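Trainee: Please show me the structure. I would like to go through it step by step.

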Amino acid sequence: MSAIVLALIGTADAALAHAVTLGDKGYIKEVSGVNIIPFLYLGAKHMVTGYDHILFLFGVIFFLYGMKEIGLYVTLFAIGHSTTMLAGVWFNFGINSYVIDAIIGFSVVYKALDNLGAFRKWFGVQPDTRLATLIFGFLHGFGLSSKILDYNISPDGLLPNLLAFNVGVEIGQLTALAAILLVMNRWRATPSFARQAIAANTLMMTAGFALMGFQITGLILS
């Protein structure tokens, strides 16, 4: 699992968070009317290839073992990002892409610190992890809506296309979650998990800081 985190760090300099390929960007800009299947595909593709989302999701479920508990946290995250993604595009409200992506990078740092028990050690308190997951879900959703708005999506067929994109995002999230859980369950069964868990979350925190750094640098240079 540490190798996965390292790979995500290594790819961070090749693409900004919420990046969309030139072909997909052109399609979003040019298409009009209802296009359910293409937007389903775009939503799923974005989630599966969105390393910032995956890192946060990885952190959220890192120490969750029961499927009921995992389902609760994933649902909170889905409610959060679905709400702000749909509302942000529908009401034409976006946040500067560099700013929101830096905040999303911070969400990865936050979750890694939480997993390492830093808040209890430093401040003697444990933040409400469910509330934090929902709030960061809202912020991840603004990352999605801001990128879609940047591409001037057509108002013709907007609502069904947005709903299809959102469903695609959820499909992509479940696909990523299934892959993560498959690896995590085998990893947790090894005697070295406790020791490696510290290293993995430290690497995840490093990746979050790297994401923040790329976005802040981009904001300064833009």
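**Helices and a cavity**

Mentor: Read along the sequence, the protein chain runs α-α-α-α-α-α-α-α-α-α. Helices (H or I, at least four residues) and strands (E, at least two) are DSSP runs, numbered from the N terminus. The model is predicted: local features need pLDDT of at least 70, side-chain atom pairs count only at pLDDT 80 or more, and totals for chains, interfaces and linings use all residues. Residues are numbered from 1 along each chain as its sequence is written, and side-chain values use heavy atoms, with hydrogens and water left out.

Trainee: How many helices and strands are in the protein chain?

Mentor: Look at the pattern again: it reads α-α-α-α-α-α-α-α-α-α. The count is 10 helices and 0 strands.

Trainee: What share of the protein chain's residues counts as buried?

Mentor: Buried means under 20% relative accessible area (1.4 Å probe, protein chains only). In α3 (residues 36-49), the buried residues include Phe-39 and Leu-42. Over the 222 residues of the protein chain, the share is 50%.

Trainee: Among contacts between residues at least 6 apart in sequence, what share joins residues at least 24 apart?

Mentor: Contact means heavy atoms within 4.5 Å. For the protein chain, the share is 87%.

Trainee: Which element gives the most to the lining of the largest cavity?

Mentor: A cavity is a set of points on a 1 Å grid over the protein atoms alone where a 1.4 Å probe fits but cannot get out; lining residues have an atom within 4 Å of a point. The lining includes Phe-56, Tyr-110 and Phe-136. Two elements give two or more residues: α6 (97-115) and α8 (129-150). With 4 residues, the top contributor is α8.

Note on methods. 1 Å grid on protein atoms, 1.4 Å probe; cavity = no way out; pocket = protein on both sides within 12 Å on 5 of 7 lines; lining within 4 Å. Expected span 1.5 Å × (residues − 1).
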